Amino acid sequence: FVGFENYQKLGQDPAFWTALQNNLTLLAGTGVVIISLAVLLAHCVKGEGRLTGFLRSIYLFPQVVSLVVVAVLWQFIFNPKGLLNAGLERFGLPTATWLGDPRYALAAVGVAFVWNALGFYIMLFAAGLEGIPEEVNEAAELDGSKGWHRFRTVTWPMLWSVKRVAITYLAINVTNTFALVFLMTRGGPDRRSEVMLTYLYESAFVNSQFGYATAVAVGNFLVVMAISLAILFFFRKNPMEARSA
């Protein structure tokens with residue numbers, strides 16, 4: 001029995017803090033990209049036409065593909081002799097070893113994560129847009145509110161409940177990501193793409209430090225809970241209800 005020794009070690013462990021920082025970087029980077037693209041594409045799939053039908057038929061495809069397949073696919077794309085570098089060479093642009101370069105490894109994983117997760121959030125925001133009463137849009141149009149102004153003052157505030165669910169789910173999903181990082185980079189190079197759960201795996205199943213791995217798991221749980229509670233606190237009041245009151 002070691003008491004709180006593992007937790008004391010955790011607080012002083014630079015590898016854990018690097019993993020936590022990478023989790024938060026992924027959350028911030030992919031969060032902005034996913035929410036922005038999801039809202040934009042949700043508007044695209046709302047209308048009618050050939051492009052709309054095409055988008056509806058493909059946007060959930062990455063969701064039904066196994067994470068193993070997603071990881072292998074993007075490994076092939078980011079391979080030094082893969083599709084991305086081949087395309088860059090064709091246009092005379094500089095290439096890189098995307099998954100082996102400390103500058104790009106985490107961003108490469110983030111791209112794969114966005115591609116895999118985006119469809120769910122498109123579906124979520126599309127349902128939210130369908131839930132906005134048509135009378136509200138008609139009233140906004142009569143008042144001369146169009147385009148960006150209508151989105152900022154009418155549509156975006158009325159998606160409050162959808163935003164709360166989407167951001168909370170995204171935060172939990174990113175901070176608990178494991179398979180994609182493990183399969184694509186194993187946390188390397190130099191821990192530049194390490195996340196909390198890959199560090200937990202390393203501690204338990206590579207170093208056989210099961211007690212310390214349990215402390216890492218508790219640390220991950222506390223981080224997820226803290227972020228989720230912060231999001232719920234931020235979204236505690238519906239701005240549309242406050243306006244109506």
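Me: What are the ground rules for the numbering and the confidence cut-offs?
Reply: Residues are numbered from 1 along each chain as its sequence is written, and since this is a predicted model, local features need pLDDT of at least 70, side-chain atom pairs count only at pLDDT 80 or more, and totals for chains, interfaces and linings use all residues. Side-chain values use heavy atoms, with hydrogens and water left out.

Me: How do you know how many helices and strands the chain has?
Reply: Helices are DSSP runs of H or I with at least four residues, strands are runs of E with at least two, and both are numbered from the N terminus. By that rule the chain comes out with 13 helices and zero strands, and the pattern along the sequence reads α-α-α-α-α-α-α-α-α-α-α-α-α. The C-alpha atoms fill a box of roughly 70 × 55 × 30 Å along the principal axes.

Me: What makes a set of residues a nonpolar core?
Reply: The set has to be buried Ala, Val, Leu, Ile, Met, Phe, Trp, Tyr and Cys residues joined through side-chain atoms within 4.5 Å. The largest one here has 63 residues, and Ile 34, Phe 125 and Met 184 touch the most other members. Elements giving two or more residues to this core include helix H2 (14-44), helix H6 (105-130) and helix H12 (210-234). H6 gives the most, with 13 residues.
As background, in soluble globular proteins nonpolar side chains tend to be buried together.

Me: Which residues does Phe 125 contact?
Reply: Leaving aside neighbours within four places in sequence, the contacts of Phe 125 include Ile 35, Ala 38, Val 39, Trp 156 and Leu 159. For the chain as a whole, among contacts between residues at least 6 apart in sequence, 72% join residues at least 24 apart.

Me: Why is the pair Asp 101 and Arg 103 called a salt bridge?
Reply: The rule asks for a side-chain nitrogen of Lys or Arg within 4 Å of a carboxyl oxygen of Asp or Glu. Asp 101 and Arg 103 have N to O at 2.9 Å, so the pair qualifies. Asp 101 is buried at 13% relative accessibility, whereas Arg 103 is exposed at 62%. The rule gives a count of four salt bridges.

Me: What makes Arg 191, Glu 194 and Glu 202 a network?
Reply: Arg 191 meets Glu 194 at 2.4 Å, N to O, and Glu 202 meets Arg 191 at 2.9 Å. Both distances are within 4 Å, so both pairs count as salt bridges, and the three residues are linked in a network. Glu 202 lies in helix H11 and Arg 191 in the loop between H10 and H11, so their pair ties together parts 11 residues apart in sequence. Arg 191 is partly exposed at 28% relative accessibility, while Glu 194 is buried at 2%.

Me: What is phi of Arg 191?
Reply: Phi is positive, about 65°, although Arg 191 is not a glycine. In that loop between H10 and H11 you also find Pro 189, and the peptide bond from Gly 188 to Pro 189 is cis, with omega near -10°.

Terms used: Contact means heavy atoms within 4.5 Å. Buried means under 20% relative accessible area, exposed over 50%, partly exposed in between (1.4 Å probe, protein chains only).
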